[in-house]
Amino acid sequence: MPAPLADKYDPKLIEASWYATWEAEGTFHTEPDASKPPFVIVMPPPNITGRAHMGHGSTYAPMDILTRLHRMRGYNAVWLPGQDHAAIATQNVLEKELAKEGLTRHDLGPEKFRERSWQWREEYGDIIYRQFRGLGFGPDWQRDRFTLDEGLSRAVSKVFIDLYNEGLIYRGLRLVNWCPHCESTLSDSEVEHEDVDGQLFFVRYRGEDEEDEGIVVATTRPETIFADVAVAVHPDDARYRTVAGKNVVRPLSPGPIPVITDSAVEPSFGTGALKITPAHDQTDYDIGERHGLAKPSVIGLDAKMNGDVEPDFLGLDRFAARERALERLRERGLLVRADPYRISQATCYRCDTVVEPLLSLQWFVRMKQLAEPALEASRNGEVAFAPERYRRTYEDWLLRIRDWCISRQIWWGHRLPVWYCANDHVTVAAQAPAACTTCGDTQFVQDPDTLDTWFSSALWPFSILGWPEQTPELKRWYPTQVLATAREIIFLWVARMVMMGLHFMGKVPFATVIVTPLILDEQGRKMSKSLGNSLDPMELVAEYGADATRFAIVGQMHEGQDVRFSVARCEDARRFCNKLWQAVGGFALRTFPELAQAREPLELPAPSRWTLADRWIMDALEQTIAAVDQAADRFDFSAWSQSLYSFVWNQVCDVYIEIAKDKAPTRAPILNRVLGVSLALLHPVMPFVSEELWQHLPHSGERIGNSRWPTPDEGRQDPQARADMARLMELVRTVLALRAIPKLPYRELRDVALSGADSAFVDLVRREQQIVLTLARAPAVRDLSNGDPRPAHALSRRMGQMEVLLPVDEKFLERERAALQKEIERANTETVVLERKLASHGFLEKAPPAVVEKEKARLQELRAHIAMSSQRLSSL
């Protein structure tokens, strides 16, 4: 028998101890089992630098909930955990740590830096896992993987080699996104774009003839004029027909450059003339490729000016060079004007440094061949999105995909399996070859670059299962069933996993992608440190408990809509936990000794012995089971949570438990069934409190998480009981509303009378008089249709065609009438004043909008108050 249930609910007393018990018992561990259908989720691997944030609540809680659900449904359910080495993020963190010691990574060198990275991972990498345990997340910890562990590294190397041998990986000199701070390339998906205030500069490129005014070009980057190799105009732009084909003079580092035509030029931008700088802009690069233009570069890897620039620009930072370039253009009379302009500024997704497009010799994946099957998988339904609208996001990106730059100039990560002999011949292999197949040289150097972190992450659904080895896990658990992730990594991760899964496994890696919502503050703003509105989920757990925190987050997750989160939701969820606690410990176990003593569930009495309340609550339970199942199957965690909240609070606690205080013989087994099933339905969402309470009720099995998931029983649906109780509850609410007017104390009983009631309802009330007494505090309900006199003084309220009357003292009626009339008069007076003010054009034109809105809101409030008071007056 478990220890006695504490009088008060305190999450600190149960959550840590239950998690330790589950982990010690291997609750979360699963082996492949061919006798059960699989349900597999791979955890989006958190960075080793990571700390739990509210986004983890909205993304990882659903994975835990769905895994617990499917375990109870009898599936071979497993949630596979792992961590990402997070190359750039980890390197940035470590460089900050080194800076505190007065060091840089270059002081250590690559090998020592990698050693330091591994030490850092051992020391700090487990923090987020401890936080996940605190949130109640239960992946199969025994299967934890790390993207740099031996098995996954072997998979990464094999994929690179295979793709290279298939001609899908190549080395080339191309324009890349360069982060000067991280000193590395970035893929297009790792670049963030933000609109910022800037300027559009109009610069004159004179003709070769001194009297030729030439052409005016609009640019946001005058510092790159030194690398201009042409000016391009649209072939159909009539303004430039006489200029096209001629030369103009570059304004900085003067020299002749041609005016060319290309359909990529947008005539409506600026002047319709575009300066072409292939080494520093992607559009220019593409135009340069089509026209065979040179690609001189004037900005180095350190973001400083170099190459063929005027002497006083050499070594200048790119932004300082911009200011000097503008000065020089003014001096030469070539800066026509500068207009304010919103610029889409590209920044590094890790350090926020402005990204520089640069020409560089890098390694790339040819994406179009890989993207086509991934696009088809979405179109034919092999991969579905929930919400479905994110399918378009996925497909649009695949349609516009470019080759993926996968080499990174950082030291922490998977080294490229690429070897160079002394003659710079390339060999791609897992180990250095004995001799170069081209020249026979035996001395090799491995490429110092590492792979983009997302390259290894793209293999996650099959590499985590042991691929390329044909493990039992890979055979049984691939493909997985569900992936839950944030919208911002649909490109970075989801699409690439589909591509790699189809290419190497022949199947999509998952059937459904759940795109989880953003957690915003109450005002609808993204949470950020700069706004001071960030919430730490671990602080919420410390204050309210993990169950309440989880419930508060997922309780608002409805069909992918962003969540405006309020801490008040946690408080409400904690009260719900306490309501459950009191229902089980404060009432059921104390009122019915058999519930506290029995180990196996009490046998339900024959339905013929059930009272109306029994039939009603069992019918409501069946409806709740069905509602939860439907919500779970469409990943509507809000509907799941709110269905249970409403059932437990409004129907079980507020109604049935009040009725069950009569201790009728059927109550204990009915409560056993209702409370036990409610806890089972709640367990995936609130695992701790459900386990603790379930253990104290008669139950089957050792743990609630391994118990059988409740299934609807249509034979227990009872529409008649549902309809009868609905009418009785309407009467109860009407009587309670009347009792609230004179503020009758709960213990005071008072008869009510019905006028105009139909005979069927009168018979129902007489049969179920005890329900009305218990819930409405009315020992007798008189039917005036049989000739009984109407009460001399009563409050009344309509209920359909019927009138409900509550007898009251005559003096109370007089006082209440007088008070209500005064309230109505005062409100009417204020209403007239406000209506005149709001009809005044002078007020509407001069008053601040906020003041006008405030007065309008007050007017609506007064009108509602008058209507309510008038209704109360008429009921007296």
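The talk below takes the labels one by one.

Guide: This is a predicted model, where local features need pLDDT of at least 70 and side-chain atom pairs count only at pLDDT 80 or more, while totals for chains, interfaces and linings use all residues. Residues are numbered from 1 along each chain as its sequence is written, and side-chain values use heavy atoms, with hydrogens and water left out.

Visitor: How do you know how many helices and strands the protein has?

Guide: Helices are DSSP runs of H or I with at least four residues, and strands are runs of E with at least two, numbered from the N terminus. The protein has 29 helices and 29 strands.

Visitor: What does the radius of gyration say when set against a compact globule?

Guide: The radius is taken over C-alpha atoms, and the globule rule is 2.2 Å times the number of residues to the power 0.38. For 876 residues a compact globule would come near 29 Å, but the protein has 36 Å. The C-alpha trace spans about 115 × 80 × 55 Å along the principal axes.

Visitor: What makes a residue buried?

Guide: Buried means under 20% relative accessible area, exposed means over 50%, and partly exposed lies in between, with a 1.4 Å probe and protein chains only. Buried residues are 55% of the 876 in the protein.

Visitor: Why is helix α23 called mostly covered?

Guide: In helix α23 (residues 687-696), 10 of its 10 residues are buried. Among them are Phe688, Leu693 and Trp694. They pack against α1, α2, α17, α18, α19 and α22, where contact means heavy atoms within 4.5 Å.

Visitor: Why is the pair of tryptophan 18 and tryptophan 22 called stacked?

Guide: Rings of Phe, Tyr and Trp (its six-membered ring) pair if their centres lie within 6.5 Å; planes under 30 degrees apart count as stacked, over 60 as edge-to-face and the rest as tilted. By this rule there are 36 aromatic pairs. Tryptophan 18 and tryptophan 22 are 6.2 Å apart centre to centre with 25 degrees between the planes, and are stacked. Both lie in helix α1 (residues 15-25), four residues apart, about one turn of the helix.

Visitor: What makes tyrosine 60 and phenylalanine 137 a stacked pair?

Guide: Their ring centres are 6.4 Å apart and their planes are at 20 degrees, so the pair is stacked. Tyrosine 60 is in helix α2 (residues 54-72) and phenylalanine 137 is in the loop between α6 and β4, 77 residues apart. Both residues are buried.
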